[in-house]
Amino acid sequence: MGSAEEMHGWTVKMSAQSILAVVTVFSMIPVGVLSDMRAAQALEGQQLAQGSTHLHRRLKRGWIWKQLFVPEEDPTPRVIGQLKSDSDRGESSIKYILSGEGAGDAFEIDEYTGEIRTLKKLDREEKAFYVLQAQAINRWSNEPEEPQSEFIIKVQDINDNVPQFQNEPYVSSIPEMCPIGTTVAQVTATDADDPVFGNNAKLIYSILQGEPYFSVQPKTGIVVTSWPNMDREAREQYLVVVQVKDMLGLSGGYSSSTTVTVSLTDVNDNGPTFQHHQYTFAVPENAAVGTTVGRIMAEDGDIGINARMTYSLEDLEESSTFIIKTDPETQEGVILLAKPLDYETKRRFVMDAESVNDHVDTRFLPLEEFSDRTKLKIVVEDVDEPPVFLSPAYEWKVPENAAVGTVLASVSARDTDTVNNPIRYSIDKRSDATKAFKIDPNNGTVTVAKALDREAANWHNVTIEAKEMTQNHLSSSVVVFIKVLDINDNVPRLARDYQPYICEGTQAGELVQLLSAVDPDDPVEGHHFYFSMVSERHINPNFTIRDNQDNTGSIVARRSTFTRKDRTQYLLPVVVADSGSPALTSTSTLTISVCSCQPAGHCPTGGVEALALSMGVSLQTLLGILVCLVTFTALSVLMLMVRRHRRKQQEGLEVEVEVKELELPETVSQKVLYYGGAGGGAADLDFCQPVVPLRPHPRRRERRLRREDVRASIRMSLRESHLIGPEDEVFRQFILDRLAEADRDPYAPPFDCLRTYAYEGSGSPTGSLSSLESLTLEAEPEQPPCNPKPYLVRLTPWYGGGEEDTIF
């Protein structure tokens with residue numbers, strides 16, 4: 001068969017080549033001859049008409065080229081045409097030249113004969129035609145005999161390409177149960193051969209695999225269904241093989257094939273179906289609410305949304321004990337416990353379960369086919385359970401003055417099992433840490449075991465446990481809320497520590513203090529307090545207490561002659577009573593102070609003003625004392641600064657000063673006299689320069705105070721001055737002690753500085769120049785004069801420092 005097709009192909013090729021040769025021969029006949037003859041006759045007629053004696057014949061090109069043909073894929077070189085000029089007389093004087101596309105590569109020309117030959121086989125799909133130029137020139141003069149002419153060589157197509165499918169792979173889906181003729185897909189193939197020449201590129205489609213379910217349209221390649229009611233549940237996928245052939249499917253043509261994958265999509269053409277008519281499950285009676293009892297499943301051949309279903313229980317009596325839900329992942333019906341179970345009450349449950357599709361499509365099935373029913377049987381298993389209290393919680397009340405042994409109430413629990421085991425009761429120690437109650441282990445009676453106090457604990461939450469007297473010792477517990485009722489067993493008292501005062505200008509009838517009270521008790525009607533004075537035979541002439549009937553009382557002045565000179569304090573007893581049964585009272589004594597109030601009626605209770613009032617002095621006097629102390633401190637600081645300044649001046653002196661201690665009489669104090677001379681008499685002394693001490697410094701200064709001690713003493717004096725007055729004995733003694741220390745201290749200020757005085761001798765009537773009656777020390781032994789210059793005397797340092805300290 002293959003050889004016959006090949007022979008037929010060669011026959012077609014040879015016939016085509018014969019036709020091409022004939023056309024080529026005719027096309028190469030010089031058509032210029034006829035045209036030249038017609039042109040010559042016309043020219044001769046024109047010249048005769050004009051009477052010309054000479055005939056001039058116009059020469060024209062002897063050949064015209066349009067196009068040539070060459071078959072593709074022909075490996076044999078052959079002549080496809082020839083160029084011939086009228087000037088060619090066969091003397092080889094004409095030279096033919098070929099140029100353009102493929103010249104010298106695919107085509108060549110015989111320069112003597114003008115024959116055009118092929119050099120290699122050509123591929124039309126690679127290049128369909130070639131544009132070339134031909135020219136005839138004189139071989140000797142190299143001048144063109146004819147103008148250059150352009151022509152086309154077309155490559156003639158043969159069937160040498162296989163058709164190819166586009167856009168592979170082909171995948172399609174159609175719904176199941178679709179009608180015949182439903183379009184599945186369209187396959188498309190192309191052929192590289194010439195679609196114009198012959199049937200080489202004429203394609204036709206056919207089915208190789210997939211019948212009888214599918215077919216294809218021969219010319220368009222559209223694949224359609226050809227089988228009715230294809231069921232996805234029976235077969236979900238098909239592979240359709242489509243073949244394409246060129247040359248309209250005739251023998252000798254080329255072909256190729258492709259595969260179309262066809263999937264059937266689901267439609268709801270199946271309803272749910274239970275595989276069993278009855279499902280049996282067992283559940284223990286102590287299962288918690290929400291426990292999964294079991295699962296049931298209705299089979300549905302569909303998938304996705306078409307397989308979704310909803311389960312329900314249809315038993316009017318038992319539907320409240322169990323519920324069923326649909327598992328969205330597995331589409332199972334999950335049976336859940338909705339109420340507690342009791343084996344002793346009911347041991348078996350029977351009910352119906354139904355499954356219904358969520359999405360119904362009546363095109364494929366009737367409505368009743370989209371649901372199914374089955375029966376459920378649930379058996380309750382017996383479990384040994386702990387005792388059960390008759391009440392989930394208890395709430396009792398007891399007065400706080402209940403005697404020990406008072407019975408509150410009883411709790412009761414029972415064993416719900418059929419054996420009915422005995423039960424013993426106990427109190428959880430963690431819930432009754434104070435051991436205020438006890439319980440009878442046999443009958444559950446609770447009594448008071450300890451005195452109760454509502455103010456300490458008004459509620460007691462006691463946990464009572466009931467335990468079976470079996471080997472399992474199952475137990476349960478219940479909470480008992482015990483409220484302690486209030487009894488009026490606490491006396492009322494004032495709400496706070498009142499410190500009332502009355503101004504000296506208070507008038508009779510004015511309010512001195514507003515009182516309120518508190519009581520730890522908590523009566524049902526609320527607190528009602530009553531304020532009064534202690535009953536006496538004589539009425540208090542100074543104050544009275546008025547009950548305001550709103551749980552407050554007012555202290556009111558009865559006269560207007562209060563002064564601090566007469567009396568600074570008054571004591572007033574206040575009686576507070578509550579409304580309990582019986583009523584309780586308490587008495588508090590308030591101290592009412594007489595105060596020199598400010599103009600606005602304010603009595604200072606702290607700070608400088610209060611201190612002044614407590615010391616019995618006026619505010620102006622206390623402020624004066626404070627100003628004196630501050631001034632003394634400032635002077636001390638100023639003197640210290642001056643001393644440091646003098647010390648710096650002393651270090652800067654470059655003149656050596658000879659110092660000699662003067663002999664002074666005993667009546668002259670050696671504390672304050674200093675003499676210095678820079679080079680003359682006493683008149684030249686213009687500043688106090690300590691050089692020679694009047695008396696020696698003792699090696700041990702027992703009463704010398706450091707700066708820190710002095711400052712601490714001053715601070716202590718300031719603090720004490722706030723607490724006591726100048727008339728106080730302690731204050732006066734403090735001042736005398738400070739004066740005595742200053743008198744006995746030879747190094748304490750003040751110092752005198754002499755600038756223009758000289759020593760007058762023992763007979764001077766002026767006496768001592770010192771302002772203090774300081775204690776005298778033994779005089780220094782007299783030193784012989786060693787310099788006729790004036791003598792200078794060094795003053796003793798203020799704080800008793802070494803000789804290097806600054807002195808005045």
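## Basis of the model

Because the model is predicted, local features need pLDDT of at least 70 and side-chain atom pairs count only at pLDDT 80 or more, while totals for chains, interfaces and linings use all residues. Residues are numbered from 1 along each chain as its sequence is written, and side-chain values use heavy atoms, with hydrogens and water left out.

## The chain as a whole

The chain has six helices and 42 strands, where helices (H or I, at least four residues) and strands (E, at least two) are DSSP runs numbered from the N terminus. Of its 808 residues, 35% count as buried; buried means under 20% relative accessible area, exposed means over 50%, and partly exposed lies in between (1.4 Å probe, protein chains only).

The accessible surface of the chain comes to about 47,600 Å², and 53% of this belongs to carbon and sulfur atoms; such areas come from the Shrake-Rupley method with a 1.4 Å probe, and for residues only the protein chains shown count as cover. Among contacts (heavy atoms within 4.5 Å) with a separation of 6 or more, 68% are between residues 24 or more positions apart.

Strands of a sheet pair through backbone hydrogen bonds, either parallel or antiparallel.

Strand 31 pairs with strand 32 (residues 445-448) in the antiparallel sense over three bridges. Lys-438 has Thr-447, in strand 32, as its bridge partner.

## Salt bridges

Side chains of opposite charge can pair when their charged atoms come close. A salt bridge is a side-chain nitrogen of Lys or Arg within 4 Å of a carboxyl oxygen of Asp or Glu, and by this rule the count comes to 23. One of them joins the side chains of Asp-105 and Lys-120 at 3.5 Å, N to O. Asp-105 lies in the loop between strand 3 (94-100) and strand 4 (107-109), and Lys-120 in the loop between strand 5 (115-118) and strand 6 (129-138), so this pair ties together parts that are 15 residues apart in sequence.

In another salt bridge, Arg-232 meets Glu-233 at 2.9 Å, N to O; Arg-232 counts as buried because its relative accessibility is 8%, whereas Glu-233, at 29%, counts as partly exposed. Elsewhere, Glu-314, Asp-352, Glu-354, Arg-373 and Lys-375 are linked in a network of salt bridges.

## A buried glutamine

Gln-243 has its place in strand 15 (residues 237-245), and it counts as buried because its relative accessibility is 16%. Leaving aside residues up to four places away in sequence, Gln-243 touches several residues, including Phe-165, Ile-204, Tyr-205 and Leu-208.

## A nonpolar surface patch

Leu-635, Val-637, Leu-638, Met-641 and Val-642 form a nonpolar patch on the surface, with about 440 Å² of accessible area together. Patches are made of residues with over 30% relative accessible area and no salt bridge, with like charges joined within 9 Å and nonpolar side chains (Val, Leu, Ile, Met, Phe, Trp, Tyr) within 5 Å. Leu-635 is found in helix 4 (residues 619-652), and this residue is partly exposed, with a relative accessible area of 46%.

Conventions:
Two strands pair if DSSP finds at least two bridges between them.
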